[in-house]
Amino acid sequence: GAFKAGGPFMFVNLFWLACSLAVALERIVTLVFRYNLNAPPFMEQIAKLVRSGNLDRAVKVCAMAPNAPLAKVVRAGLVNANRGEIEVSKAVEEAIVEHSPNVSKRIPWLWSLANIATLVGLVGTIFGLIGTFQALGNVPAEQKQVLLSDGISKAMNNTAFALSIAVICIIFHLFLTSYAKSMVEGLELNALKLENLLSRRGSVDPATT
């Protein structure tokens, strides 16, 4: 079909398509399933335990989500809770710096893969046209039309396949970038909430008076 008609460069782009889908799938599984943690109920549970002075139980709650960056950051703050506000702040900041890059790593690859696929498709298109025009010189006039239409069809199949891969990469890149960005923002916001929560621990909670 159209794939075979595209020539050898279609197989090169098939490889880049496989790479793109592997990167996208790995990131979706990691972010949406492994790293995901429903922050509001999690933070509410932590807040209740901190207010009641049950820090050990709060640390255990964090251990229930061993892969989630939010749980790791919150745990870093809780473990240092009795060492003062500055130590808590340092520990939380260090945990954010350590775990944030894991959220967005490999996502930029998709942008590069989109460019590579487009350029490989373009090379395939040009090679297809070069081959066609070279062959045109050695055939009778009545066959030239058929050869030319075959050559242009081959070139266009390359371009279409390459652009389709690029579009897939860009869509995944867009979705994953915004998802990772909101996850990191949530991480920073909840880290700040935790710091405030721990700093207020020593004072009288207005909700209880």
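The structure is a predicted model, in which local features require pLDDT of at least 70 and side-chain atom pairs count only at pLDDT 80 or more, whereas totals for chains, interfaces and linings use all residues. Residues are numbered from 1 along each chain as its sequence is written, and side-chain values use heavy atoms, with hydrogens and water left out.

The protein chain contains 8 helices and 0 strands, where helices (H or I, at least four residues) and strands (E, at least two) are DSSP runs numbered from the N terminus. The order of elements from the N terminus is accordingly α-α-α-α-α-α-α-α. Along the principal axes, the C-alpha atoms fill a box of roughly 100 × 25 × 25 Å. Of the 209 residues, 36% count as buried (under 20% relative accessible area; exposed is over 50% and partly exposed in between, with a 1.4 Å probe and protein chains only). Among contacts (heavy atoms within 4.5 Å) with a separation of 6 or more, 77% are accounted for by residues 24 or more positions apart.

Helix H7 (residues 107-136) has 30 residues and should span 44 Å at 1.5 Å a residue, in agreement with the 45 Å between its end C-alpha atoms; the expected span is 1.5 Å times one less than the number of residues. Buried positions in H7 include Ile107, Leu110, Leu113, Ala114 and Ala117. Gly121, Gly124 and Gly128 are also among the buried residues of this helix. The buried residues of H7 pack against helix H2 (9-34), helix H6 (85-104) and H8. Arg106 lies over the face of Trp109, 5.9 Å from the ring centre; the criterion is NZ of Lys or CZ of Arg within 6 Å of the ring centre and within 35 degrees of the ring normal.

Aromatic pairs number 3, with rings of Phe, Tyr and Trp (its six-membered ring) paired if their centres lie within 6.5 Å, and planes under 30 degrees apart counted as stacked, over 60 as edge-to-face and the rest as tilted. One of these, the tilted pair of Phe175 and Tyr179, has a centre-to-centre distance of 5.8 Å and 40 degrees between the planes. Phe175 and Tyr179 are 4 residues apart in helix H8 (residues 141-199), and are therefore separated by about one helical turn. Phe175 is partly exposed, with a relative accessible area of 37%, and Tyr179 is likewise partly exposed, at 22%.
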